[in-house]
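Student: I am new to this structure and would like to work through it with you, one question at a time.

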Amino acid sequence: MSNWRLPEYFSDVLPREAAVIEHLRRACLDAAKGYGYALVMPPLLEFVDSLLSGTGQDLDLQTFKLVDQISGRALGLRADMTPQAARIDSHLLNQEGVTRVCYCGSAVRTHPEGVHASREILQFGAELYGHAGLEADLEVQRLSLDCLRLAGVDQAALDLADNRIVRGVLSGLLLGPEAMEAILDALANKDAGELRLLTRDCTPAQRAAILALPELYGDPAVLQEARRALPQHALILRALDDLSALADYHEQQGSQVQIDLADMRGYRYHSGVIFSVYARGYANAVARGGRYDEVGASFGRPRAATGFSMDLREVAGFATAPRAGSAIVAEWSMAPGLAEVVADLRRRGETVVQLPPDQASDTRAFQRHLVLRAGTWLVEDRNGSSQA
């Protein structure tokens, strides 16, 4: 076993990629700031009971756990920053009305979430609290698309779903917890054969609605088909109305929209509209989000909430490297005035690389040189032309 090897699904980020990621991080935070989102920086470790509040079993299984040597309590290494943002909104900010926060930091997971995914992600996200209306869902979706455009994802496809539809279809089923879990798993896998077997004791109407869900996937015309195939349940009708309004807006803006009414992602966590954004030629979603109104209640403050997040390490694969300025080379020297000139250039945003005297004259690696001419330090290009 070599000392330099890393655990599986962990990797170093080397300079070129790191420059792209950092450029994208700054751009996304600036975009969120433009919408009015304030930056928060939650800790990497928290007590497990706080870190997992309201998130269900899935996040529990993805969380590394250890024992705090001071308190003796179980700590969790965060796998998702969204619950931390909800805790901050509930207990630290504690504001009335709408609150917007954004964040960007590392999160670590016990297992990768995709074939080529890492177990360490750089999670950027934005959360909006205090408004239950569709305007909040639309805002976070627009912000997510804006951030992806900054990364070079211009032709994104938006998948919309709503957990209220599945809940409305399953309401009234007289089944035990195990049978209900089996149906949820079959819906998540879109396993029609298993669903037919599991629903054999349901009423004909219940069975028809459950079996229809995996087939309700496609362009927004699917929503009209859903109105015919699904029960006239108030929860379902409200969800279909919301999805129709969101789909109409995004299509008017030129976005490709898909509907998947059997999307079971975060079923125990999300409470309404959910969305995923896909990039052309890439299998995994590049951004995910949705409404999670119940999480605030687990912190003692029921609060409407919606948001999204993305892994900047993953998204950076679509971005081009930022255009780098031409660095200036200078000698390492105690020559009078040199340190002051170098410091002034760096303050003005220039990159000044100091090298030993026997290397500083190498013109192949640098376009510009800091040289002493007639007692004055000047920046010259390869041709000997001086620059201000």
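**Pockets, confidence and one glycine**

Tutor: Let us begin with the second largest pocket of this predicted model, whose lining has, by class, three nonpolar, six polar and five charged residues.

Student: Which element gives the largest share of the lining of the second largest pocket?

Tutor: This pocket has a volume of about 220 Å³, and among the residues nearest its centre are Leu 145 and Arg 149. Helix H11 (234-252) and H5 each supply at least two residues of the lining. The largest share, four residues, comes from H5.

Student: Which element gives the largest share of the lining of the largest pocket?

Tutor: The largest pocket holds about 1200 Å³ of space, and of its 47 lining residues the closest to the centre are Asp 80, Arg 109, Glu 113, Arg 288 and Ser 309. Several elements supply at least two lining residues each, including strand S6 (120-129) and strand S11 (285-291). The largest share, six residues, comes from S11.

Student: Does Gly 152 count as buried, partly exposed or exposed?

Tutor: Gly 152 lies in the loop that runs between helix H5 (134-150) and strand S7 (157-162). Its relative accessibility is 39%, and a residue is buried under 20% and exposed over 50%. Gly 152 therefore counts as partly exposed.

Student: Where in the chain is confidence lowest?

Tutor: The chain averages a pLDDT of 90, with 96% of the residues scoring at least 70. Confidence is highest in strand S1 (residues 38-39), at 98. The lowest mean, 68, belongs to strand S17 (residues 386-387).

Technical notes
Residues numbered from 1 in each chain as written. Predicted model: local features only at pLDDT ≥ 70, side-chain atom pairs only at ≥ 80, totals over all residues. Heavy atoms only, no water. Buried < 20%, exposed > 50% of the residue type's maximum accessible area, 1.4 Å probe, protein only. pLDDT = per-residue confidence, 0-100. 1 Å grid on protein atoms, 1.4 Å probe; cavity = no way out; pocket = protein on both sides within 12 Å on 5 of 7 lines; lining within 4 Å. Points joined across faces, edges and corners; volume = space filled by probe spheres on them. Nonpolar A, V, L, I, M, F, W, Y, C, P; charged D, E, K, R; others polar.
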